[in-house]
Amino acid sequence: MPRFVSIWFRYLQTDWFSRRHPALAEGPLVVRASSHGRMIITAANMHAVQQGIVPGMVLADARALLPRLEVVDEKPGLPERLLRRLAEWCIRFTPATSIDLPDGLLLDATGCAHLWSGEQQYLSAIREKLRQLGFEVRIAMADTIGAAWAAARFGEQAVTIIPEGLHVAALSSLPPAALRIDTDVVVRLHKLGLQHIGDVYHIRRASLRRRFGSAFLQRLDQALGSTEERIQPVMPPATWFERLPCLEPIITANGISIALERLLDALCRRLQQEEKGLRQARFLAYRTDGNVQQLEIGTSRPSHHAKHLYKLFENRLAAIEPALGIELFILEAPLVEDHSPTQEKIWEVKGGLQDQRLSELLDRVAGRIGADRVYRYLPAEHFWPERSYKIAASLTELPATEWRAAHQRPIHLLPAPRRIEVTAPVPDYPPMLFRYKGVLHKVIRADGPERIEQEWWLQQGAHRDYYCVEDEAGCRFWVFREGHYGSEECRWFLHGIFS
């Protein structure tokens, strides 16, 4: 049976202003906004409401009633921004939270209350945490969103729990306004003597639709559970995730490490049973002060190896600052792929690129220096050396052609050939001297030439004659002459350095 929670922030805006300026919480406070040339009160705190000041009242009339009234200007868009931040904060209680404008939140609490030893303790914990943040709320839980919303705003208690299956009876004694319907519909219902929701239960639906419209019936069905209603989470929960609430706030590095190990073991067990592996993981630590600490890792292949994944997180755990304590840990896997176990062959010593140990090694290296600094190269179908390779998109990408191994190539290939000054004798001879970066190199050994023609489909530049040369210091270089010797196009370049 689904269970939903509605949270009503009775004084949302004024509570926010009081948090920023605690002195405002001591007396009556209102928020004002201009409307048709007049200043109208859009929100009032508890002290102002007790003195008869209510939203919608003209500010001048309110000042006449209460001269010492504190007034602040309305901030456009504040309720929505504030509710969104509060909804993200409430993820510590459930993975699915939604804003309910103009002054509420909705939570899908299905399967969450047992983590707090029951629904009463669950709602009390939410209310107490919000009170510590400076917000006065009313909160209710029911089988439907409509019933929870109604109980939060029209129930007799600050914390209301409607037992499973009893929401229809609980709604019957509440006024029609609890159905989230327009004010004019509420007025018409009262004129007809329908003072409670239960009064309309036995009226024919055709009559209700004709008098009050389809919107009224939809709200009624949603509250009763005849029509399904779902919330729109501010942060859609990952399909693969694990939660670990803490009985006492965790403040030690050892406690954080143990929490991560437990979450990884639980998540990897589920992934292994479904033959899945994660490619990305996110570790979230919710602190008691509302701050959320976060770590992320990625893998080159799908993995459900808990020890390996822990090593990827281990070097970053010191970045988590527990402050006054962490009350909830969440491990999410936003990207999951199929991962079937591969059959190992006892007569093969090397697994090549398919070896799981290789991918785990690359994951650890990437975790230390950054994934953007680890590359794998594949041969490309080009003749010129600087175009003869490309960066692989993944560890599993297959080459379209084979590496050309007929001739020796330098270990260090420059990104682009660099111009050098060369002294050479007759055509097809290697250089005797060349100058690179102001240093003169005397060639004592040389091998070549190896001609590499331009690609006919690109037609960029002349042909190249490559030489492997060695200077008097034993350094070996890969140089080439572009174009025919003696022509205007003839130029010399350094393209690589051997080990």
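I will speak about a sheet and its helix, then a histidine, and finally the aromatic residues.

Please bear in mind throughout that this is a predicted model.

Four strands make up an open sheet in the order 9-12-10-11, and their pairing is antiparallel. Which strands stand at the edges? They are strand 9, residues 241-250, and strand 11, residues 292-303. Each has a single partner strand, so one side of each is left without a neighbour in the sheet. From one strand to the next, the twist averages 15°.

As a general point, the strands of a sheet pair through backbone hydrogen bonds, in either a parallel or an antiparallel manner. Here, strand 10, which covers residues 276-287, pairs with strand 11 in the antiparallel sense over eight bridges. Within that pairing, Tyr 286 has Val 292 of strand 11 as its bridge partner.

A helix accompanies this sheet. Helix 11, residues 253-273, lies across strand 9, strand 10, strand 11 and strand 12 (326-338). Relative to strand 9, helix 11 runs at about 160°.

I turn now to the histidine, His 167, which lies in helix 7, residues 167-172. Is His 167 buried or exposed? Its relative accessible area is 11%, which is under the 20% cut-off, so His 167 counts as buried. The side chain of His 167 reaches the backbone oxygen of Leu 224 at 2.9 Å. Leaving aside residues up to four places away in sequence, the residues that His 167 touches include Asp 143, Thr 144, Ile 162 and Gly 225.

My last topic is the aromatic residues. How many aromatic pairs does a search of the whole structure find? The search finds 14. One of the pairs, Trp 16 with Phe 17, is edge-to-face, at 5.0 Å centre to centre and with 75° between the planes. Trp 16 and Phe 17 are both buried.

Phe 93 and Tyr 122 have ring centres 6.4 Å apart and planes at 80°, so this pair is edge-to-face. This pair links distant parts of the chain, 29 residues apart: Phe 93 is in the loop between helix 4 (78-89) and strand 5 (97-100), while Tyr 122 is in helix 5, residues 119-132. Phe 93 and Tyr 122 are buried, and together with Trp 89 and Trp 116 they form one aromatic cluster.

The charged end of Arg 419 sits over the ring of Phe 493, 6.0 Å from its centre. Over the ring of Phe 498 sits the charged end of Arg 476, 4.6 Å from the ring centre.

Notes:
Residues numbered from 1 in each chain as written. Predicted model: local features only at pLDDT ≥ 70, side-chain atom pairs only at ≥ 80, totals over all residues. Heavy atoms only, no water. Pairing = 2+ DSSP bridges. Helix = DSSP H or I, 4+ residues; strand = E, 2+ residues; numbered from the N terminus. Axes fitted to C-alpha atoms, helices over the stretch in contact; angles between N-to-C directions. Contact = heavy atoms within 4.5 Å. Buried < 20%, exposed > 50% of the residue type's maximum accessible area, 1.4 Å probe, protein only. Polar contact = N/O pair within 3.5 Å; in protein donor to acceptor, adjacent residues only side chain to side chain. Phe/Tyr/Trp six-rings, centres within 6.5 Å; stacked < 30°, edge-to-face > 60°. Lys NZ or Arg CZ within 6 Å of the ring centre and 35° of its normal.
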